[in-house]
Amino acid sequence: MSDPSSSLSSGELNRLAELAEKLRDNVLADAEVAELESILAESVAARDAFAALAMLGAELRLTHGRFACPVPPEARHAGRRVSLLRDWRFVAIAACFIVAALLAWRYAPTGSTAHGGPIATISNASGAELLADERLTPATVGSTLRGGALHLRGGLLELTYPSGVVIVLASPARFDLRSATLLWLAEGNATANVPAQAIGFTIETPSAKIVDLGTEFGVSAGARSSDVHVFKGEVMIQNNGEPDSLRLTESRASRIDTRTRTPTGIDFQPELFIRTLDEPGSSYRDLIRQFEPIADYRMKITPDATQLVDVSVQHLHGRIIRGASERTSAPGKIGAGLRLGGSTDRSYAVVPDFLTAPAAALTVCAWVRAESRPRWASIAKNWAKNAGRNQGGQFHFGLWHDEGSLEVHVHDQAGAEIGVRDSVPLPLGEWQFVAFTLDGTMLRLYRNGEEVAATPCDGLTQIAPSSLGIGVKLGDGLEPELNNAGFWDGKLDELTVFHRALTPAQIRSLFDSVR
Amino acid sequence: MQVTRTLIDGEVFTRLLLQNQRRIAGLIFSLVPRGPDADDVMQETCLVLWRKFGEFQTGTDFGAWALRIARFQVMSYYARQKRAQARLSDETIESLAESLADARWESTDRAEALRACLGQLKERDSELVRRRYHSGENVDEIADHVGSTVHAVYKALARLHVRLVGCVNAKLHSARP
């Protein structure tokens, strides 16, 4: 396309734009009308520029929703024969249908078909903040969604189509349910689980169309590129405007650049996507159950996104305090995990009525993934030492000061602080299985199934607060400690507490069950 | 005369209209004063297009056909105005409709490109866009709100529009392989 600005001077363009704007406001003086006529008559470039300005005006109007008309129910019953009479009511309804369609498609950059009926049902949700036309709309489980621009500002949303296709969207996401077989994803992360009868289901992004060939896949869409990861089966990626298609098979991933349309192979990273809002079973969890935990936080996704569920028989539930981030659920090591964003985000979880260990037998283990190592970053802490006063607490499990190595401190039965730490900083950007055990005589620290440090420890204090901080060190009450709360930056998953000391072999077996 | 159609016709029509709506809106909203008049002409044009859809020859250029009808609707609007109104000549309107009939304006990536360009605006320009297009303020109101003159606001809008057109064109151009 020729750029009008390349043929007219900046001054000429600005003057033309000013006259065009005044024409739209009906405030042109006669002399200015003549000037505009003259400019447009003399120059093809000026007419092109005027056309470009006209298109800009139309887009701006459409973008800001300056049309309004309800969708008539009559228009939704496709296939029914109707008579077009010289009946103004029908014509008005048809017009409404058309104009409403204009509204519905104002975010649609590619060719689409009109739709007005329910397309998919909200089958699950967690803390979902859903906006239609930038107005908050209920995201109630069981309600249906129609076509049109939708914005998932917060939380997670699971949609189920009548064909059995299940889509999981993670905020922030902008999307449009185009039809029973096509989802437009302008930006955000989505996964699709497509049963055999729905083969051909397509997710379209600004970069490409991803056509299912019987599979489960994830798409991360943005204006600049789209990433496609195939979990199972196979998909076909069709580049807009390109004849060549790419067939992407299981455990492969590709990035499609919006500008070049060229597929680029990238690492397969299924952990980037939440594939289900339900927590799956696993051999790891079977083992955990066998060892009889007193608290088992799987970081299960809940409808209101604020409940921390303990799946053990004790039901020591807690709550998730969301800081600045739009959601705290993210793909975990198994199922979902708790995503925390460090000291700037200030998200954490708290268990107000925690059961401290009645004797010197304790194990705490978790899968953790750190994005950075904030000072004294916390995994789980039952601790009450602040403002220089040692008030007890049974364990302080996290990263050591600024060095960032895995560490644990406990108070022995005499109240003395006993601690051990790993020799290297905790690796960033990868899941690590971390644990400590206390058997009455020894405190042992483990990482990825291996003991990394140990020290004698005589018993365990019974002077301890009743609360547990997860991803945080609590101060007085249930608030983060004022001086150094040690907010975790990264993800925590499968945090489990046992009132017994697991053996090295049991710790190893837990680690091995997930590898 | 009674014409019987199925809603399948309606779907075909709607699809064609959606593909060309921006060009039709571009012509009407650039020539008819903003406000209810422009909305009315747009709606009337949609109605006339639907009413005359039976005359449209499948396989020909729907956009060019629709823009011809839109042009006549604009002219008809001008003719209905009893008071004197600043307007362009029929010849100029026709030449603008012909310009917009060029297939290049069909690019459906335009909305995405514009959204990206809007996201790059400085706060002052974003406020101008919000007031003008979201709140629907006229230039007098904008001048009052921002403590400027009407003349200066027109200049600012013109510069902003030119910048946005350049940005959109650059993005569309760079998006091609």
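Author: Helices (H or I, at least four residues) and strands (E, at least two) are DSSP runs, numbered from the N terminus. This is a predicted model, in which local features need pLDDT of at least 70 and side-chain atom pairs count only at pLDDT 80 or more, while totals for chains, interfaces and linings use all residues. Residues are numbered from 1 along each chain as its sequence is written, and chains are lettered from A and ligands numbered from 1 in the order in which they are written.

Reader: How many helices and strands does chain B have?

Author: Along the sequence, chain B reads β-α-α-α-α-α-α-α-α. Its secondary structure therefore comes to one strand and eight helices.

Reader: What percentage of the residues in chain B is buried?

Author: A residue is buried if 20 or more other C-beta atoms lie within 10 Å of its own, exposed if 12 or fewer, and partly exposed in between, with C-beta atoms placed from the backbone. Chain B has 177 residues, and the buried share of them is 40%.

Reader: Within what arc do the buried residues of helix H2(A) fall?

Author: In H2(A), the buried residues are Leu36(A), Ile39(A) and Leu40(A). An α-helix has 3.6 residues a turn, so residues three or four places apart point the same way. Seen down the helix axis, with the arc taken from the directions from the axis to the C-beta atoms, the buried residues of H2(A) line one face, because they fall within an arc of 90 degrees.

Reader: Which residues are exposed on the other side of H2(A)?

Author: H2(A) covers residues 30-42 of chain A. On its other side the exposed residues are Asp30(A), Ala31(A), Ala34(A), Ser38(A) and Glu42(A).

Reader: Is Asp227(A) buried or exposed?

Author: Asp227(A) lies in strand S11 (residues 225-232) of chain A. Because Asp227(A) has 21 C-beta neighbours inside 10 Å, it counts as buried.

Reader: Which residues does Asp227(A) touch, not counting residues up to four places away in sequence?

Author: Two residues are in contact if their C-beta atoms, placed from the backbone, lie within 7 Å. By this rule the residues that Asp227(A) touches are Ser220(A), Ala253(A), Arg255(A) and Ile266(A).

Reader: Which residue in S31(A) is the bridge partner of Arg369(A)?

Author: Strand S31 (residues 489-498) of chain A is largely enclosed by the rest of the structure, because 10 of its 10 residues are buried. Two strands pair if DSSP finds at least two bridges between them, and strand S22 (residues 362-370) of chain A pairs with S31(A) in the antiparallel sense over seven bridges. In S31(A), the partner of Arg369(A) is Lys491(A).

Definitions and conventions. The expected span of a helix is 1.5 Å times one less than its number of residues.
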